[in-house]
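Subject: Model for your files, with notes

Dear colleague,

Please find the model below, followed by my notes on it. I would be glad if you could read the two side by side.

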Amino acid sequence: MRNRYLDLLRFLAIVRVVVYHVTGWATLTLVFPAMSVMFALAGSLMAASLTRSGPAAVGRRLRRLLPSLWVLAVIFVPAMLFTGLPVSPRLLLWLFPIADPPANHWGALALSVIWYLRDYLWFVLASPVAFWLFRRAPLPTLLAPYLLLVAVEAGIYPAPPVLREFGLYFGAWLLGFAHHAGMLRRLAGRVLYPLALALAVGGGAWIMTHPGPRGYDLNDNHLGNALWSAAFILIVLGRAPEGIAWLGRTRLADRAVTVVNRRALTVYLWHMPFVVALTPLVDVVGWSHQDPLGLAVRVLLVFVLVGLVTLAVGWVEDLAARRPPELVPGGRSHPAGSTTRAGDPAVRSGADPAVRSGAGPAGENVGRAVVPAQRVAEEVAPVEVSAG
């Protein structure tokens with residue numbers, strides 16, 4: 001059963017990511033830490049799939065993740081080869097990106113969002129073991145990524161890039177496990193709110209005292225990002241409403257949420273090439289990224305172009321999810337209530353852009369205890385490209 005509140009969160013996260021990449025407004029990362037929210041939603045979905053299907057869920061998740069990437073690669077990899085990308089065995093990473101696939105000078109910018117799929121892939125592969133551990137020792141398993149990140153940031157453990165990504169975002173993924181198990185919902189307010197406040201204060205203080213090159217942008221501050229995002233996730237998932245009937249009564253908004261959820265991976269993968277391509281074109285007419293009108297035009301154009309490419313190739317997500325392909329998803333209206341029967345989207349993200357509700361029964365017990373070089377795992381700020 002789909003949870004429309006989670007669909008709404010995913011919709012807001014995707015829109016926020018696109019707007020951030022066009023505008024570069026660091027405040028957006030604090031107001032809505034979209035990437036961590038998408039990983040949390042993906043973790044909730046993965047826990048639900050593992051509960052239902054066991055380790056076979058890994059193959060199903062990969063089947064829904066990879067085809068949209070392959071469509072992108074079919075278009076961009078030949079273009080990069082034609083413009084200077086050398087042929088090497090690493091090109092196979094475009095089929096299964098356990099590391100950053102190779103890219104040339106412009107491809108490293110336009111395709112920089114691939115880091116999300118790389119992390120998502122590793123998290124899916126690790127999930128059967130992590131879920132087994134979580135069901136037996138929930139709290140230590142939840143704390144492990146955050147302790148790893150503290151060790152990395154303090155210089156105690158110089159972790160390789162993959163482990164650093166686990167410290168940065170796998171905690172959000174595991175909070176999705178906790179959401180599916182009902183742990184967050186069962187937390188009393190006297191525990192949840194002080195805990196969220198402590199995490200927000202700690203993360204906020206770290207961000208304020210360790211500003212990055214873009215100021216107070218979460219993507220420049222891993223530890224602050226993890227703590228601030230954990231506080232946000234505790235609130236938005238731990239106190240999630242039972243339903244959002246108002247969304248079903250607003251037909252246009254309801255359809256928009258459905259379309260973006262069903263095409264989340266396509267929107268995520270394709271928006272950044274348009275952001276990069278439009279930057280010099282808009283600057284030619286004198287609209288810089290600091291000009292409100294120029295920003296508005298760029299945001300509008302990016303959404304229009306993403307909409308067009310979604311019409312052209314978005315149906316691949318339907319095939320990957322073994323649904324009948326649709327040009328524009330959501331033709332059948334949802335009931336006014338909070339849930340309706342629907343198939344799984346291809347990615348539950350940003351990663352993972354589209355997620356089915358993984359919330360378990362309220363009383364469910366949790367086991368026994370109840371660019372081309374390494375591209376960092378961060379959202380990409382708007383790229384300023386000169387007109388020449």
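What percentage of the 388 residues in the protein do buried residues make up? They make up 55%, where buried means under 20% relative accessible area, exposed means over 50%, and partly exposed lies in between, with a 1.4 Å probe and protein chains only.

Before the details, please keep in mind that this is a predicted model, in which local features need pLDDT of at least 70 and side-chain atom pairs count only at pLDDT 80 or more, while totals for chains, interfaces and linings use all residues. Residues are numbered from 1 along each chain as its sequence is written, and side-chain values use heavy atoms, with hydrogens and water left out.

The fold and its surface

The protein has 16 helices and zero strands, these being DSSP runs numbered from the N terminus (H or I over at least four residues for helices, E over at least two for strands). The protein exposes about 15900 Å², of which carbon and sulfur atoms supply 72%; accessible areas come from the Shrake-Rupley method with a 1.4 Å probe, and for residues only the protein chains shown count as cover.

On that surface, Trp70, Leu92, Leu95, Phe96, Ile98 and Leu125 form a nonpolar patch with about 530 Å² of accessible area together. A patch is made of residues with over 30% relative accessible area and no salt bridge, like charges being joined within 9 Å and nonpolar side chains (Val, Leu, Ile, Met, Phe, Trp, Tyr) within 5 Å. Leu125 belongs to helix α6, residues 114-136, and counts as partly exposed because its relative accessibility is 36%.

Val124 is also found in helix α6, but it counts as buried, at 0% relative accessibility. Leaving aside residues up to four places away in sequence, Val124 touches Met46, Val58, Arg61, Leu62 and Trp173, contact meaning heavy atoms within 4.5 Å. The C-alpha atoms of Val124 and Gly59 are separated by 9.2 Å, although these residues are 65 apart along the chain.

Helix α7 (residues 138-153) has 16 residues, which should span 22 Å at 1.5 Å a residue, and its end C-alpha atoms are 24 Å apart, which agrees; the expected span is 1.5 Å times one less than the number of residues. A kink of about 35° lies at Ala144 in α7, shortly before the proline Pro145, the bend at a residue being the angle between axes fitted to the seven residues ending there and the seven starting there. The buried residues of α7 are Pro138, Thr141, Leu142, Pro145, Tyr146, Leu149, Ala151 and Val152, and they pack against α6, α8 (161-181), α9 (183-186) and α11 (222-238). Just after α7, Gly155 takes a positive phi of about 80°.

Helix α13 (residues 251-262), with 12 residues, reaches 16 Å from its first C-alpha to its last, close to the 16 Å expected at 1.5 Å a residue. Its buried residues are Asp254, Val257, Thr258, Val260, Asn261 and Arg262.

Salt bridges

The structure holds 12 salt bridges, each defined as a side-chain nitrogen of Lys or Arg within 4 Å of a carboxyl oxygen of Asp or Glu. In one of them, Arg4 pairs with Asp7, the closest N and O atoms being 3.0 Å apart; both Arg4 and Asp7 are buried, and because they are three residues apart in helix α1 (residues 4-23), about one helical turn separates them.

Glu165 and Arg118 also meet in a salt bridge, at 3.8 Å from N to O. Glu165 lies in helix α8 and Arg118 in helix α6, so the pair ties together parts that are 47 residues apart in sequence.

In the salt bridge between Asp220 and Arg214, the N to O distance is 2.7 Å. Asp220 is partly exposed at a relative accessible area of 21%, and Arg214 is partly exposed at 26%.

A backbone point to check

Most residues other than glycine have a negative phi. Arg322, although not a glycine, has a positive phi of about 60°; it sits in the segment after α16 (315-320) and counts as exposed, at 65% relative accessibility.
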